Structure formats: structure tokens, C-alpha cells
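Let's take a friendly walk through a protein model, one region at a time. Keep the picture beside you and look for each residue as it comes up.

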Amino acid sequence: MANVCKDLAMAVHRVVVLAFPRVYPFELGIPARVFRAARGPDGERLYEVATCSLDGGPVSTAEDFDLVVAHGAEALAAADTVVVAPFQWDPEDAAADSVLEPLAAALRTLRPSTRVVSLCTAAVPLAAAGFLDGRPATTHWQEAQRCQELFPAVKWDADVLFVDDGDVLTSAGVAAGVDLCLHIVRQDHGSAVANGAARYCVVPPWREGGQAQFIERAVPADPSAATAATRAWAMARLDQPIALAELAGHARMSVRNFSRRFRQEVGMTPVDWLIRQRVDLARHLLEATDLPIDHIAERAGFGTAASLRQHVRAAIGVSPNAYRRTFRAAETTT
């Protein structure tokens, strides 16, 4: 413990990153990269970052190598902020439960003022330990449904990049960890310092929208479903007005029966599903073409650019132009 305290003694704000077995190496390195890039007016470091494991031993990663860390869980007691790094999570693997009690014990050593941060799937052990009960939180969108089922006491939000609940903050997947760390720097030291750290790391200081813009939602692919043929029929004519009565008529059902069967098979109403397909088509056209917004609105069946903007922003949290800038930039710079 003496060595740990000596290592962290000069820190203005002490950040300890906790690594679990099967940790994701990229995300594990995010806190150190961002927090160490935050500098004061004279170039002084504002954060010191240490990495630990629960037992102080080497940590396996989700890749083909292991990592040696400098500290054990005793480092957590000296932390102002604890960042729990994400790891490869399999809810069917009983071995995953082996970290929960040691984690809960480690969390009990934290000072009352300690800020706790989870990146991506690191929200899982925090939720399992009861640390997120009654709180809003997020995780990678792909794990959100399972998390909701396993930890119903947590107020999961799968559409945001991160959640700031004061002393507990959680982020979505991968690059959202960068967003959250920059947000913490901004909260601690202001926008100028956060913007400087972002420039050093060559990342945007702030991203619009949330996870929704990065989610690919697949249509259930059961050809034997009663509404499958009608969904295929609708997908082929998204540029045309399609009324609920037309969908029901194509399926040779009453509107009431069709709506009931559709919700059973797809998990949403026909109208909501149709809007989602139009938004997904618009996203594809924004990414893959240079069509003007008015033309995309017509092709996707929204009719007007104003309607397109309204539905795209409601679905993914950003405007069509912002979405296009995000997803066309990588192509134009390669």
C-alpha cells in the first residue's frame, strides 16, 4: 500500500482503472490517454492514472495476450475516481460470477466521495453487485436487452453515449468511453481543458446524438411468419404512401387482427416498424449517396425534408446532415 500511495502522492486527482479478466485492451487504455492529456494553464498534469486488478496479478485480455498491472485492489482506497474497464462478458459463463464478490468487497473500500465510472460492459459487474440499483445507466446497445432482463432494478438507457448520475457515470461501447472521459474532464476543469485534451488525442471534443445512430436493427427473418410477406411487400415500396389498412389488406386480415399479429411477430406496431424502415433507408442513402436531403426524403417515403429531419432526429438523435458528416467523413479521408 505504501508504494501505491507513493506512486499517486503527486496527483491532483487520482484515477484508478480496474481491469477484470478478459479485459478489452483498447478501452482499458482510454482513461490514461484522455486524463493524462488534460493539462493546466502551465502544462501541469491534472490527473494521475494507475491501473490495477483485483488480485494484483496479470490480467487476461479479450485478445491473444495478457497484461501485467502495477497494483492490486488496495489502490482503489486511494482513488478519487475509479474507472472499471470493460471485459468480454458471457452471461452463460459461470466463471464470470467469480469476480462479483471480490468487486463488491473492493467497492466497499472506496471513500464516500469517490466517483465510480464504468465503460461499456463494465456496467454489468456494477449492476450485479447492486451498485446501480435505482440509478440510470447505460452499456453497449447490444447488451442492453440482456442487462434489462438480468438487472431490472437499473434504469437502463440504450440510446445514449453516456449517463452522468453524479457520483456514478456509465458509458456505451468503445469510443463512448472517450466521450465520457472528456465529459468528466469538462465537468472538472471546463471546456477549454477538455477541448485541449481532445485535440491532443485527435478526437472530437463532443459528439452529437447517442448510440441509436450506430445501431443496425435487423428485421425478424422468419419467412413463415404471418406478416412476413406483407413486410417484404412494404419494403419494396417505401417511397410510396402506405396506410395501415393497405398492409392489413395485403395480409388478408382485419386491421385489428393484423396489428395484433404484427406486434407479436415484430415487437412493435406496423406504423412504428414502417417509420423505422424509412429511417434505415434514409440512413443508407445518407451514407452511400450524395443525393440532396429533399430527394432522400422522397425516396424514403417521408415526402418532405422537414418530415425526414423530424423522424431522423427522433430516431437517432442527430440531424440528417450531422449523420451524413459522421458517416461520410471516413470514406472521404481514406
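## Around alanine 123

Leaving aside residues up to four places away in sequence, alanine 123 touches Ser118, Leu132, Thr138, Thr139 and Trp156; contact here means heavy atoms within 4.5 Å. Alanine 123 sits in helix α4 (residues 123-128). Helices (H or I, at least four residues) and strands (E, at least two) are DSSP runs, numbered from the N terminus. Is alanine 123 buried or exposed? With 0% relative accessibility, alanine 123 counts as buried. The scale used is: buried under 20% relative accessible area, exposed over 50%, partly exposed in between (1.4 Å probe, protein chains only). Serine 171 is 48 residues away from alanine 123 in sequence, while their C-alpha atoms are 8.2 Å apart in space.

One of the residues touched by alanine 123 is Thr138. Threonine 138 belongs to the loop between β7 (136-137) and α5 (144-150), and threonine 138 is buried too, with a relative accessible area of 0%. From threonine 138 to cysteine 120 the separation is 18 residues in sequence and 7.7 Å in space, C-alpha to C-alpha.

## What kind of model this is

This is a predicted model, in which local features need pLDDT of at least 70 and side-chain atom pairs count only at pLDDT 80 or more, while totals for chains, interfaces and linings use all residues. Residues are numbered from 1 along each chain as its sequence is written, and side-chain values use heavy atoms, with hydrogens and water left out.

The secondary structure of the chain comes to 14 helices and 10 strands. Of the 334 residues in the chain, 46% are buried. Taking contacts between residues at least 6 apart in sequence, 64% join residues at least 24 apart.

Which residues of helix α7 (residues 191-201) are buried? They are Val193, Ala194, Ala197 and Ala198. These residues cover an arc of only 140° around the axis, which puts them on the same side of α7; the arc is that of the directions from the helix axis to the C-beta atoms. The face turned away from that buried side carries the exposed residues Ala192, Arg199 and Tyr200. Among the elements covering the buried residues of α7 are α2 (25-37) and α6 (176-189).

Two packed helices are described by the angle between their axes and the distance between the axes. For α6 and α7, the angle is about 150° and the axes are 7 Å apart. Axes are lines fitted to C-alpha atoms, for helices over the stretch in contact, and angles run from 0 to 180 degrees between N-to-C directions. The two helices are therefore roughly antiparallel to each other. (Angles under 35 degrees count as roughly parallel, over 145 as roughly antiparallel, 65 to 115 as roughly perpendicular and the rest as oblique.) In this contact, Leu182, Val185, Arg186 and His189 of α6 meet Ser191, Val193, Ala194, Asn195, Ala197 and Ala198 of α7. By class, the contact has 6 nonpolar, 3 polar and 1 charged residues. Here Ala, Val, Leu, Ile, Met, Phe, Trp, Tyr, Cys and Pro count as nonpolar, Asp, Glu, Lys and Arg as charged, and the others, Gly among them, as polar.

## Helix α8 and its partner α11

The buried residues of α8 are Ala228, Thr230, Arg231 and Ala234. They cover an arc of only 165° around the axis, which puts them on the same side of α8. Packed against these buried residues are α9, α10 and α11.

Now look at α8 (residues 228-235) with α11 (residues 270-288): they pack at an angle of about 40°, with their axes 11 Å apart. So α8 and α11 are oblique to each other. Arg231, Ala234 and Met235 of α8 make the contact with Trp273, Leu274 and Gln277 of α11. The residues of this contact divide into 4 nonpolar, 1 polar and 1 charged.

Most residues other than glycine have a negative phi. Valine 202 is not a glycine, yet its phi is positive, about 55°.

Arginine 252 is not a glycine and has a positive phi of about 60°. Look for arginine 252 in the loop between α9 (244-250) and α10 (255-266). Arginine 252 is exposed, with a relative accessible area of 80%.
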